Amino acid sequence: RIAAAVAGNDPEGVRFETHALRSSAAHFGARRLHQLCVSISGITHENLAKKGQPFLADLRREYRLAMEELYRHTGLAAREARRG
């Protein structure tokens with residue numbers, strides 16, 4: 001949904017969709033992901049048109065890194081592998 005909002009140059013949609021992710025990132029200690037979501041909170045149409053795709057690439061990278069760390073920290077990856 002965030003990608004769709006970026007593609008549609010919809011700053012309100014980006015703000016709405018990143019709000020929950022921002023809260024979750026803060027809760028789990030994913031500081032870079034949280035900060036990235038905070039940084040987009042005041043985005044305008046003009047800035048979204050210029051910075052939307054780089055933001056989305058950064059968001060995807062930070063989300064992946066946060067998830068990898070969460071899995072590593074909780075051992076979920078090992079449990080998933082054992083379940084087959």
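Tutor: Welcome! The protein exposes about 5,800 Å², and carbon and sulfur atoms supply 54% of that area (Shrake-Rupley method with a 1.4 Å probe; for residues, only the protein chains shown count as cover). This is a predicted model, in which local features need pLDDT of at least 70 and side-chain atom pairs count only at pLDDT 80 or more, while totals for chains, interfaces and linings use all residues. Residues are numbered from 1 along each chain as its sequence is written, and side-chain values use heavy atoms, with hydrogens and water left out.

Student: Which pattern does the protein follow along the sequence?

Tutor: Helices (H or I, at least four residues) and strands (E, at least two) are DSSP runs, numbered from the N terminus. Read in order, the pattern is α-α-α-α-α.

Student: Where does H4 bend, and by how much?

Tutor: The bend is the angle between axes fitted to the seven residues ending at a residue and the seven starting there. Pro-54 follows the bend within four residues. The bend sits at Lys-51 and is about 60°.

Student: Which elements are included in what covers the buried residues of H4?

Tutor: Buried means under 20% relative accessible area, exposed over 50%, and partly exposed in between (1.4 Å probe, protein chains only). The buried residues of H4 are Leu-48, Gly-52, Phe-55, Leu-56, Leu-59 and Glu-62. Their cover includes H1, H2 and H3.

Student: Which helix gives the largest share of the lining of the largest pocket?

Tutor: On a 1 Å grid over the protein atoms alone, a pocket is an open set of points where a 1.4 Å probe fits, with protein on both sides within 12 Å along at least five of seven lines; lining residues have an atom within 4 Å of a point. The largest pocket has a volume of about 380 Å³ (the space filled by probe spheres set on the points, which are joined across faces, edges and corners). Of its 17 lining residues, the closest to the centre are Phe-28, Gly-29, Ala-30, Ala-66 and Met-67. H2 (11–28), H3 (31–39) and H4 (45–74) each supply at least two lining residues, and the largest share, eight residues, comes from H4.

Student: And Asn-9: what is its phi?

Tutor: Asn-9 is found in the loop between H1 (2–7) and H2. Asn-9 is partly exposed, with a relative accessible area of 26%. Although Asn-9 is not a glycine, its phi is positive, at about 50°.

Technical notes:
Contact means heavy atoms within 4.5 Å.
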